[in-house]
Amino acid sequence: MQVGDVLRKKAARVATVRMNETVAIASQLMRSGNISALVVKDVVRTEGNTAVGMFTERDVVRAIAEHGAAGVHMKISQLISVQELVWCSPNDTLEHVRHLMHRHHIRHLPVIDNYSLIGVISIRDISTAFADEATAVAPTVAA
């Protein structure tokens with residue numbers, strides 16, 4: 001099974017936040033969308049609107065734990081590490097993506113196709129897909 005197979009079953013909307021937004025805004029976006037991660041975007045002159053990282057509930061907790069109440073006023077850019085973005089493509093296998101998540105200790109990956117952000121896949125999505133696949137191939141027991 002591939003990432004694209006999972007994305008086809010999910011809502012098409014990808015929740016994003018800009019690097020210059022605050023932890024409070026990001027938290028409100030996550031709460032209103034009932035999600036636990038946002039793709040962080042930045043404007044890059046040569047590439048336009050570009051995914052540069054992920055901001056998760058763990059980042060919110062870290063901001064408050066390290067900075068107290070002032071943590072909610074911090075900019076996303078102050079909290080995320082913008083190094084090389086870990087991402088996957090819709091053609092990657094779920095096994096490969098699970099390995100990437102394990103190796104990088106992350107639970108959400110942006111899905112990029114032809115330099116465009118097309119979705120996010122989570123470890124929950126992968127677990128659900130494997131469980132559904134196992135159920136579909138499991139032999140039925142006659143009563």
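The legends below describe close-up views of a predicted model, taken one region at a time.

Residues are numbered from 1 along each chain as its sequence is written, and side-chain values use heavy atoms, with hydrogens and water left out. Because the model is predicted, local features need pLDDT of at least 70 and side-chain atom pairs count only at pLDDT 80 or more, whereas totals for chains, interfaces and linings use all residues.

**View 1. Confidence along the chain.** The mean pLDDT (the predictor's confidence in each residue, from 0 to 100) of the chain is 90, and 90% of its residues reach 70 or more. Confidence is lowest in strand S3, residues 48-56, at a mean of 85, and highest in helix H2, at 97; helices (H or I, at least four residues) and strands (E, at least two) are DSSP runs, numbered from the N terminus. Where pLDDT is low, the predicted coordinates should not be read in detail.

View 2. The 15 residues of helix H5 (residues 123-137) should span 21 Å at 1.5 Å a residue, and the end C-alpha atoms of H5 are 21 Å apart, which agrees; the expected span is 1.5 Å times one less than the number of residues.

View 3. Four salt bridges are found in a search of the whole structure, each being a side-chain nitrogen of Lys or Arg within 4 Å of a carboxyl oxygen of Asp or Glu. In one of them, Asp 125 is joined to Lys 10, with the closest N and O atoms 2.7 Å apart. This pair links distant parts of the chain, since Asp 125 is in helix H5 and Lys 10 in the loop between H1 and S1, 115 residues apart. Asp 125 is buried, with a relative accessible area of 16%, while Lys 10 is partly exposed at 32%. A further salt bridge brings together the side chains of Asp 5 and Arg 8 (2.5 Å, N to O); Asp 5 is partly exposed, at 26%, and Arg 8 is exposed, at 64%.

View 4. The closest N and O atoms of the salt bridge between Asp 59 and Arg 62 are 3.0 Å apart. Asp 59 and Arg 62 are separated by about one helical turn because they are three residues apart in helix H3 (residues 57-67). Asp 59 is buried, with a relative accessible area of 12%, whereas Arg 62 is partly exposed, at 29%.

**View 5. The loop residue Thr 22.** Thr 22 lies in the loop between strand S1 (16-18) and helix H2 (23-33), and at 19% relative accessibility Thr 22 counts as buried. Leaving aside neighbours within four places in sequence, Thr 22 is in contact with Val 72, His 73, Met 74, Lys 75 and Ile 76.

Key: Buried < 20%, exposed > 50% of the residue type's maximum accessible area, 1.4 Å probe, protein only. Contact = heavy atoms within 4.5 Å.
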